[in-house]
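Let's take a friendly walk through a protein model, looking at its aromatic rings and at the charged side chains beside them.

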Amino acid sequence: MNSFMSWVGGKKALRDIIVNSFPLCYERYIEVFGGGGWVLFRKPPMNDFEVYNDMNSHLVNLYQCVREHPFELKNELEYVLNSREDFNKTLKIFEHPESVENIKRAALFYQLIKYSYASSLDSYGCRPHSLWSDFPIIYQASARLQRVIIENKDFENLIKQYDRPVSFFYCDPPYFATEKYYSNVGFGRADHERLSNVLLNIKGKFLLSYNDCKEIRELYRKDGIYIREVERLNNIKQRYDGGSKYAELLISNYDTYEREKAQKQLCFFDDYFN
């Protein structure tokens with residue numbers, strides 16, 4: 001299924017490649033930098049233990065309200081206006097968001113996501129869209145999230161808390177040297193190094209998506225680490241350079257082709273015995 005929202009750096013374009021690169025066996029799935037949740041919602045719901053985490057408290061509050069209060073959230077969104085004036089009023093409210101109760105705050109934050117330019121949260125997008133069309137997917141997302149634990153933790157504390165030999169961490173951090181595109185994340189070089197240090201010492205498995213740059217390649221150029229090159233359409237450049245691609249990396253401590261190899265092996269045996 002699709003996510004109920006867009007988000008800066010969302011993995012809509014790469015979600016199939018990412019999910020098909022999951023390890024064959026794990027019992028705990030932890031999405032460390034949850035964002036729009038495109039990988040979580042693409043991942044088939046199984047009997048594994050699932051965790052969604054993000055450091056953005058407004059985003060986490062929205063996810064909690066989608067899971068626990070979808071009908072109340074829908075009632076708050078029903079009469080939202082798609083207008084610059086209303087958008088700017090909502091921005092003003094978020095200067096002091098602690099004065100707004102959780103469901104109302106979630107609705108206002110969702111309005112900013114939907115009506116801002118490229119989900120940037122800070123400028124009106126001037127795009128025709130009715131939030132009413134979003135209500136069915138919000139209800140579907142609520143059902144999908146019922147057994148998902150939602151956390152609001154620093155990535156290092158989260159990874160250490162949930163790390164087990166049977167744990168699998170998918171990490172989609174703010175990309176190196178592009179942190180300015182993410183709202184109020186404060187994710188600098190020291191955090192990229194801190195993430196590398198914690199992932200390279202876990203008991204479980206990890207899959208990490210990053211922009212392709214020499215700094216990140218250096219951080220993960222270690223024995224037992226796989227670095228795989230992938231690409232997607234560059235959405236930012238499509239307006240003036242159609243077909244432009246953006247190079248990314250999938251980094252892991254296991255072979256990301258093991259599912260594909262297992263599938264080919266099964267097909268081989270099927271052909272052999274038929």
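## A charge over a ring

In this predicted model, Lys 43 lies over the face of Tyr 29, at 5.1 Å from the ring centre. A second example is Arg 228, whose charged end sits over the ring of Tyr 257, 4.2 Å from its centre.

## Getting to know Arg 228

You can find Arg 228 in strand β6, which covers residues 226-233. Arg 228 is buried, yet it has no salt bridge.

Arg 228 does have polar contacts: its side chain meets that of Ser 21 at 2.8 Å and that of Tyr 257 at 3.2 Å. Among the other residues that Arg 228 touches are Ile 17, Glu 248 and Leu 250.

## Rings in pairs

How many aromatic pairs does the structure hold? There are 22. In one of them, the rings of Tyr 29 and Phe 168 have centres 5.9 Å apart and planes at 50 degrees, so this pair is tilted. Tyr 29 belongs to strand β1 and Phe 168 to strand β4, so the pair ties together parts that are 139 residues apart in sequence. Tyr 29 is buried at 0% relative accessibility, and Phe 168 is buried with a relative accessible area of 0%.

Phe 33 and Phe 155 form a tilted pair too, with 5.6 Å from centre to centre and 40 degrees between the planes. Phe 33 sits in the loop between β1 and α2, while Phe 155 is in helix α8, 122 residues apart.

## A cluster of rings

Finally, Phe 4, Phe 41, Tyr 52, Tyr 63 and Tyr 110 form one aromatic cluster.

Key
Residues are numbered from 1 along each chain as its sequence is written. This is a predicted model: local features need pLDDT of at least 70, side-chain atom pairs count only at pLDDT 80 or more; totals for chains, interfaces and linings use all residues. Side-chain values use heavy atoms; hydrogens and water are left out. Helices (H or I, at least four residues) and strands (E, at least two) are DSSP runs, numbered from the N terminus. Buried means under 20% relative accessible area, exposed over 50%, partly exposed in between (1.4 Å probe, protein chains only). Lys and Arg count as positive and Asp and Glu as negative; His and the chain ends are not counted. A salt bridge is a side-chain nitrogen of Lys or Arg within 4 Å of a carboxyl oxygen of Asp or Glu. A polar contact is a pair of N or O atoms within 3.5 Å; within protein, one must be able to donate a hydrogen and the other to accept it, and residues adjacent in sequence count only if both atoms are side-chain atoms. Contact means heavy atoms within 4.5 Å. Rings of Phe, Tyr and Trp (its six-membered ring) pair if their centres lie within 6.5 Å; planes under 30 degrees apart count as stacked, over 60 as edge-to-face and the rest as tilted. A charge sits over a ring if NZ of Lys or CZ of Arg is within 6 Å of the ring centre and within 35 degrees of the ring normal. Lists of a residue's contacts leave out its neighbours within four places in sequence.
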